[in-house]
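Work through the exercises below with the structure in view. Try each task before you read its solution.

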Amino acid sequence: MVYVKVVYFLVSVVLFLIIVSGIILAIIDPIQNENNILKNNILQHPQRNKRFSLPKFAKKNEKKGTYHWIHNQEKNIKVLLLPILKKNKEIQEKQISTNNSKNQIQCCDYFDLKLKTDFVYEYIVDDYLSNTPFRVIDFRNRIIQWETYAGDHIFETPSLGNFTGITLSGQNEIGFGSIEEIDNALAVTILFYQCPVPEVAGRCPIFHEIIEFKQIYNTNDYNWSNTGETGTYDTISVILHEMGHIMGLNDLYSSICSASTMYGYGQIADTSKRLIDTQSQRCVYALYSKTTKTKDFKYIFLLFVFLLSFV
Ligand SMILES: [Zn+2]
């Protein structure tokens with residue numbers, strides 16, 4: 001009988017502990033929820049204005065500060081990410097020669113990728129925009145500025161939507177927030193691109209086509225305005241720079257090109273870059289008037305030789 005009493009005692013102790021811990025949890029939980037609600041009230045849309053993360057396999061090009069990765073091996077879809085950095089005394093200017101073989105314009109550099117010209121791109125701007133000094137009209141107008149020099153109508157008027165993240169979603173998107181892995185970035189442009197024809201010896205014989213793009217403006221860590229207010233970055237100049245990337249232009253880091261639209265550093269309260277500089281105008285014109293990459297003629301020639309060998 002003593003044995004049964006001991007079992008009863010132990011069972012009651014266990015039950016008592018379960019009930020007491022249940023009561024404690026019931027009290028703590030609402031406190032935690034309350035804290036979350038409070039946090040959510042401060043950050044109106046925390047899920048939108050957030051810190052995004054790059055895929056683990058993204059590789060950094062230390063020399064250029066860009067990131068690249070393969071999105072889909074099978075379909076050969078690659079990704080390039082370009083940041084515009086905050087001008088900082090500690091950052092040493094990278095001396096990259098801008099007099100490369102691709103063109104004769106001093107402050108002009110572009111990738112072997114550009115927008116499809118027989119196509120009109122649609123895009124959305126995240127509606128978190130209403131919490132920022134960014135305006136839909138500013139995105140639209142900056143794109144029109146580039147279209148003028150590319151000589152083509154490439155973009156529709158944007159609509160408001162939801163930024164889904166740094167991945168291929170079937171939608172071109174502009175969002176607000178920051179990127180975990182990139183310090184000092186005011187904004188980033190991410191280009192998903194593909195070779196429109198079969199590759200020859202692992203190379204695309206013509207320009208790659210941009211199939212989708214994303215842009216993120218860092219409203220987490222920096223203050224912005226569209227009036228050049230002290231202590232803020234100018235939305236209009238930075239949008240113009242980022243749209244230059246969507247056209248296929250590269251950043252310029254040499255101080256010789258510090259007045260260029262595509263200069264890779266943004267300066268606080270600088271509204272002097274709201275128009276595309278002459279060299280960048282010529283640069284985008286040169287890119288869109290080319291149908292073939294000059295340096296890749298030899299690959300086309302090799303393709304011919306390869307095909308002829310079958311005849
Ligand atoms: Zn840039």
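**Exercise 1.** Find the residues with the most contacts inside the largest nonpolar core.

*Solution.* Start with the terms. A residue is buried if 20 or more other C-beta atoms lie within 10 Å of its own, exposed if 12 or fewer, and partly exposed in between; C-beta atoms are placed from the backbone. A nonpolar core is a set of buried Ala, Val, Leu, Ile, Met, Phe, Trp, Tyr and Cys residues joined through C-beta atoms within 7 Å. The largest such core has 60 residues. Ala187, Val188, Leu191, Met247 and Val284 have the most contacts inside it. Strand E9 (residues 185-194) gives the most to this core: eight residues. Strands here are DSSP runs of E, at least two residues long, numbered from the N terminus.

The model is predicted: local features need pLDDT of at least 70, side-chain atom pairs count only at pLDDT 80 or more, and totals for chains, interfaces and linings use all residues. Residues are numbered from 1 along each chain as its sequence is written.

**Exercise 2.** List what alanine 187 touches, leaving out residues up to four places away in sequence.

*Solution.* Contact means C-beta atoms, placed from the backbone, within 7 Å. Alanine 187 touches Ile84, Gln215, Ile216, Tyr217, Asn218, Val238 and Glu242.

**Exercise 3.** Is histidine 68 buried, exposed or partly exposed?

*Solution.* First, locate it: histidine 68 sits in strand E3 (residues 66-72). Next, count: histidine 68 has 15 C-beta neighbours inside 10 Å, so it is partly exposed. Last, look across: beyond four places in sequence, histidine 68 contacts Lys59, Asn61, Lys78, Val79 and Leu80. Leucine 80 is 12 residues from histidine 68 in sequence, with 4.5 Å from C-alpha to C-alpha.

Notes:
Helices (H or I, at least four residues) and strands (E, at least two) are DSSP runs, numbered from the N terminus. Two residues are in contact if their C-beta atoms, placed from the backbone, lie within 7 Å.
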